[in-house]
Amino acid sequence: MLRLLLLYLFVGSSLVAEGPGLPALFENNCVKCHGEEKQKGDLRLDKINWKQPHLEDLELLKEAMYQLEDGEMPPKKESKLSVEQSASFAKSLSKYIHTSRSTMASNDVVLRRLNKAQYQNVIQDLFGIDPVVRDLAAKLPPDELYHGFDNVGERLTLSDIHLRAYLDSAHQVYQELNSELPKEKQLDLLSSDYRLVGSSHILREDKSIDVLCSSFVNRRFKMATIIGPGYGGGTLEESGLYKFRVKARSLFTKDEEAVERLFDKKIKTKVNVELGEIPQLAFFIRRPSRAFSPRVEIHLKTLDIIDGPEKVYEFEAWLPKGAYSLGFNYENGLKADLVNISTRIINQVEPGSYLSRKEETELIRKGKGSRGDFNTKANLQRTEFFSKYKTPRIRISGIELIGPLVTEKAKEQFYHAHGRKELTLKENLLVFAKKAFRRELKENELDSILNKLVSIKDKDLAYKIGVKAILCSPKFLYLEESDEKLDSYEIANRLSFFLWNSMPDETLLKLAKHGELLKKDVFNSEVERMLRDSRSKNFVSKFVKNWLGFKSFEQMPPSKNLFLAYHEFSIERLMKYETYHMFEHILNNNLPIKEFFEANYTFINDRMAKHYGFDAIEGSHFRKVMVPSSHQRQGILGQSSVLVASANGVDTSPVLRGMWVLEHLLGSAPPLPPDDVEIPEPDTRGSLSLRDFYAKHRSDPNCSSCHVKIDPLGFALENFDAVGLWRETYEKGEAISAHGEFPSGEKFKTSKGMVDILTKNQIDKFAENLLRKLMMSSSGREINVMDDPEVEQILAELKKQAYPMRDMLMAVVESSVFRNK
Amino acid sequence: MSHSRKHVLKGIGASLALPMMETYLNKAEAASKTGSPKRFFAMTQDLGCIHDTWFPTEVGSNYKMPRVMSVLKEHKKECTVFSNIDHNLKGGHHAASGVLNGVKNTDAIRSPFGAESIDQTIAKKIGHETRFESLQFWGGGQKLSSSCSRSGSHLPSSGFVPSEMFHKLFITGTKAEIEVTKNNLSNGKSILDIIEDEAKSFEKGLSHRDKDKLDQYYSAIRSSEKSLQNQMYWVEKDKPKLDLKPYKKVMDGTMDKATIDDQLKIWIDLIHLALTTDSTRSITLTIPTNLSIWNQPHVEKDAHYYSHHGKEEDKKEAFRSIEKYIVTQYSRLLKKLKEDTQLDGSSLLDSTIAVYASGLSNGSTHSNSNLPLVVAGGNFQHGRHIDNGFKESLNSLYYSFNKYFDPSASSFNGATKEHSWQEVS
C-alpha cells in the first residue's frame, strides 16, 4: 500500500492530492499512542489540518519526520514499518512540509520594544548616565524570555508598569544632570576637606594610608570610606565621567614570617591572607544608609597593585552627585576588619593590651573617658601593631579625582538634556528627536509635539517636556520596521542593537542616510568595525547569557552555606567572564565551533585558577591558559558558568544537566513529563544510590523514551559539583562514576568521553541550534519551520569549513531573516 | 538580636492607639455606601511544604490540624484549609510564580485570557478608592511579586525594604518634595497627551499585527492617565498620621538589615497598618524564602537547601521549622485583623479575604501539584478542611473571590464556574 501511495505522491503535485495519503500513514502508525485515547508525550497527531496546515502543524510534522528518520518512532517493538518504509515515510513528510510552506505567508517580526538592557544602554549613550551606577530603569520589570532570549517581539509586552517606569526615568534624567555645563575640577580626596573612616586601614604619619583588610565579609560596614564635605557627606556636586588618579604600591606581600607569627595555630580566628597574590585594590561608590534609602554599594574598578616602587594608576568611572561616598578595600587582604583583629588577635599576641568594645562601654559609663578617646587610642594601637607586624598591605599616598571630564561627547550629552542656548526650541528638539528616533525625521514630524509645547512660556521647561515626551514616544521605545524589505536605517538599527545592544552611532547613521550601508562591501566593513569596537562586548555577553541560560544565576544562585566562596569573591561574575572570553576568542579567530566542546584551554584570572585548582597565575586580568593535563576540563562543558547554570544551586541533578545540554546546546529538549507519570521523590537517605534511583525510573517505559537521552549526558558531568568543582564522591561518600551510553549505543567512561562523542556525532545539531539562536537574537523573532530552507542552506555552506564561527555570524547578518521584516 | 531591636519589634502595632484606627476604618466605611469595604490579602512563598505535617487526613469540620498547621489553631474556625487543589501547572520553580494567576510565566503570551493575578483583578475594581490601587510587599531575589499584570509582567515590589515601604505609606514629603512630585505629575499629564498623538502618527505605517501589538501601548497610556489622576488627588492629602517614635529603626533603615525572620514580622505589622489606615485594599506579600537562612530551630542553612530534603528526616524537620514560622506570622495577621472592629461591629477580618499559599507543593520533587492553601476571613463559611481531589481548579476558587468583589464577574483566567467550597454538604 505504501508503494502505491508513494507512487501517488510522486505523480500528484497538489496539496490536496498529497494530503489523504499521509493522514492514512499517521492513522495507521502513530495515532494509537498520539491520538484521542492516548497522548503519549503530551502529543496528538490526529488533528493535523492537512488541507491548510498551520505553522504549529508543520512544526509537529517536522518533529515527526526527525523521529522517523532517526528510527526512534514508531517504537521498534510496535512498529509495522520497515527501515526503508520509515525512510520513505519521512521523505514524503519532508516533501509535504516543503510544498505547504510555499503556500503560507512568510514570517515577519512583530513590533518590539527596546528591552531593558537596550533601554539602559541607549539612555547611557544619550545622557552618559551609567546604568550600573545609577539605574534609571530600576522600576522596569524584567523582560519576558522566549527560549531564553530577551528580545523576541512576540513575547515582549508593554504595560502601564513599563510606561510609568519610562516616565519616571525621564524625570530622573533631570535630577541627575545639572542645568549648567559642568566644569572640570581637581579634587584631592586625601586632603583635610574629606574624612576617611572605616576600620580596614591605618593612617601613617606621612598621611599615607595602609590598607590591610579585605572587608568582603563585613564590607557593608568596615570598608575604608572617603566622605566629602558636600550635603549629607556627598563628595561631588556634579554627576559625570571622572578620572581617578591613585598613587599606590604594595608591600610585604611575600613576608611569610610576619603572617605566620600573627596567624599562629593557637589563634582560632580565621583571618588568613592570600600570600603571593598580587594585591587587588577595589573601588566602590557607596550611598550611605539614611532614612528611606538603604545603603548601596557599586563596584567601580579593581586595580592590581604590584610590588615595588610607587606607581600612578588611572581609570575613569561615571559617578553620581549627591550623598555618595567612595569606598576602597584590599580585596584579597586580611579577611576581617581591624576591630575584629584588634580584639581577637592583638590581645592574644600581646595579652591585655586592647580593650574590647564592651570594656570600653563599661569605662565610659564609669566616666573614665569618651568614645572618641577610646577610638583614638585604639587607632594608635592598631597603627603601632601593624607597623610591627608586617602583614601584606597596599600603601596609598594619593587619590585624586578629576572631572566631570568635559569631552566632546559629554558636551553633546549635556545638550541632549538641555538644548543649545543659541538654538530655538524647534531646532533643539529636531536634533534630539533625530538622535533618539535613530533615523531621519519625516517632514513636519515634530509639529504635533511642538504645537503642544507652544503654550508653555518657560522655553527651558518646554524643551524638557519635549525631551521627556520623546523618551516615552513609541518611536523611541519601539524598533520601527515598516515594510517587508528593511530600509537602510532599519538595517542600521538591527545591526547596532544586535552587535552593540544599543543605538547606532553617527558613522552608521551617516552610511544609512546615503544608502551606502546597503552596499555589500560597505556593510561588511561596518560589521567588522562594529565587532572591533568595545561595545561588541555587549553582544558577546548578552548572546552567551541568553544562549546558555545564565539567567539561572540570578534565579537560583548556589546556596550560600554550601558554597561560601562563590559569594565571597564575586566569583559568579568571573565565571561568566570566562565563557564570554572563550566565545570572543572563537568568534574573533573564526574557529570551527567544535572548539566550544574541544578546547583544551580556557580564559581565567588568578581567582579562577585558584577556584579550579590550577597552578597559580598572577593578576586579576583574564588570559588564555592551557588546562593542565591532570584536569578533566574541556570546552564550555568544563566551565563553571555552564556547570552552575545547569545545576540548581543546592545539588546537581543528572536530569537537569542532561536537559540543559539538550535544550541549550542541541536545541532538542524533550517535553516535560506527562501528567499521568508520577515523578519519583528523590531519596538521599543512602539506601539507594543515585544511579540505582535513576535506573529504576528509566526502566519505566513511560519515562525511558526521553530519559535514555537525558540522563547519560547528565551523569557524565556528575564529577562536577553545583559550582563546577571536581569531586570523586558525593557528600555522603558514594563514589561517582561518569560512565554511560548514548541511545545510539556508543559508550563512554568520563565526561571527556561523552563530550568527544557529542562532538563527533552531534556537531550538526549543535551548529543548527547555534545558528538559529543567533538568527533569533539578531532579528527579534522566533525561527521556525518556515525558515528551514534558509537555515539548511546556510548550514550546508558552513559545514564545508567545519562551521567557522565568524562566518556563521556573517551568514546571519546577510540572511534574509535579518534583512527582511 | 540586640535588645534595642527586640524593643522596637514589640513596639510596632501596639503603638497605634485604637481610636485612631477606628477613625480610618469608619471613614472608609462611611465612604463606601455598601457597608464595610472589602479587602484582599495574599501571602505566598515558593518552596512548598512537608506534606505529612501539613495536610490533614480528616476532611470536614472535625479535622485535626497536623503539627505544622497547628500554629493556626486559634483560627481554625475562621479559616478553610485545602488539599489536592492546584493550577495544573508543571515546571517546578518556574511555575511557582503562577500561584495567584494560574499561568506559568513563559506561557503568559499564549494564554487566551492573559495572566492577571487575582489581587490585580480585584485592585482594578476597587483600587481607585484608596491612595494605592494595590501594594506588593517584599518580593524575591529579583524584587518581583507574585502579582502579575494581564500582559504577563510580574509587578516589581512596591517596597523591597521596610524603610522604603514605610516612607511610601506614612511619610508625607516636605513641601519641596511634594512640589517636585506635583510638577512631575503635571508634566506627566502633558507627556501622556503628547505621546498619544505620537502613537497615532506612529501607527499609520504599521501592519495589522504590529497595530495589535501597539494596543498595549494605548492601554498603557490609559491606565497611566488614571493612575496619574489618582496620584494628583492623593498628593495633596496628608498621609495617615502615626506616632513615628516606635518606627525609628524601621524608618532609618536599621530594620532593612534585620534577619529575614524579623523582616517578615515587620512586614506583617506594616501590612496590618496599611489595611487599618485604608491605604490600600489589595495586598500581596511575596516571601523570598529561597536563599535566606531563617533564624529558627534546626535551621543552619538556607531554605532552598532544606527543601531538597531527599526524605532525610533532619532536613525535613528544619524545613518544617521555617514553614511553621511563616504560618505563625500569617496567624498573627489574622489575629490583628480580628481585633480591629469596624463601625457595624464586625471585625476587619470579616471583610478581608486573607490567603496563605505556595506555588510549589513539594520542594524535593519540585511538583506543582497539590499546593498548600489556607483561606481566611471575608465572612465566608469556614472551619473545614476541604479535600478538593483535583476536581476544581484553584482559579475557580479565585473566581469566587472575584465574585465577592464584583458580583457581575463572569470568569477568572479561564475558570467560568465558581468553586463549590461554600456549598456545605
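In chain B, Asn84(B) sits in the loop between strand 2 (79-83) and helix 3 (93-96). The model described here is predicted. Asn84(B) is not a glycine, yet its phi is positive, at about 55°. A positive phi also occurs at Asn413(B), likewise not a glycine, with a value of about 40°. Asn413(B) belongs to the segment after helix 12 (394-405) of chain B. With a relative accessible area of 10%, Asn413(B) is buried, because the limit for a buried residue is under 20%. Most residues other than glycine have a negative phi, and most peptide bonds are trans.

A cis peptide bond is found in chain A, where Gly403(A) is joined to Pro404(A) with omega at about -5°. Pro404(A) is placed in the loop between strand 12 (393-403) and helix 13 (408-418) of chain A. Another proline, Pro37(B), is located in the loop between helix 2 (18-31) and strand 1 (39-45) of chain B. Pro37(B) is buried, its relative accessible area being 5%. In sequence, Pro37(B) and Ile126(B) are separated by 89 residues, while their C-alpha atoms are 8.9 Å apart in space.

Aromatic side chains were considered next. Over all chains, the structure contains 51 aromatic pairs. One of these pairs is formed by Tyr577(A) and Phe622(A), with 5.7 Å from centre to centre and 80° between the planes, an edge-to-face arrangement. Tyr577(A) is part of helix 24 (residues 571-588) of chain A, and Phe622(A) is in the loop between helix 26 (606-612) and strand 15 (623-626) of chain A, so this pair ties together parts that lie 45 residues apart in sequence. The two partners can also be described by their accessibility. Tyr577(A) is partly exposed, with a relative accessible area of 33%, whereas Phe622(A) counts as buried at 17% relative accessibility.

In chain B, the ring centres of Phe82(B) and Trp421(B) are 5.9 Å apart and the ring planes meet at 50°, so the pair is tilted. Phe82(B) is in strand 2 of chain B and Trp421(B) in the segment after helix 12 of chain B, so parts that are 339 residues apart in sequence are tied together by the pair. Phe82(B) counts as buried, at 0% relative accessibility. Trp421(B) is buried with a relative accessible area of 2%. Ring pairs also build a cluster in chain A, which links Phe149(A), Phe498(A), Phe539(A), Phe543(A), Trp547(A), Phe583(A), Phe596(A), Phe597(A), Phe766(A) and Phe818(A).

Charged side chains were then examined. Side chains of opposite charge can pair when their charged atoms come close. The count of salt bridges over all chains comes to 69. Among them is the salt bridge between the side chains of Arg113(A) and Glu144(A), with an N to O distance of 3.3 Å.

Lys519(A) counts as partly exposed at 44% relative accessibility, and Glu516(A) counts as partly exposed at 28%. In chain B, a network of salt bridges links Asp52(B), Arg67(B), Glu313(B), Lys316(B), Glu317(B) and Arg320(B).

Lys80(A) is exposed, with a relative accessible area of 62%.

Note on methods. Residues numbered from 1 in each chain as written. Chains lettered and ligands numbered in written order. Predicted model: local features only at pLDDT ≥ 70, side-chain atom pairs only at ≥ 80, totals over all residues. Heavy atoms only, no water. Buried < 20%, exposed > 50% of the residue type's maximum accessible area, 1.4 Å probe, protein only. Helix = DSSP H or I, 4+ residues; strand = E, 2+ residues; numbered from the N terminus. Phe/Tyr/Trp six-rings, centres within 6.5 Å; stacked < 30°, edge-to-face > 60°. Salt bridge = Lys/Arg side-chain N within 4 Å of Asp/Glu carboxyl O.
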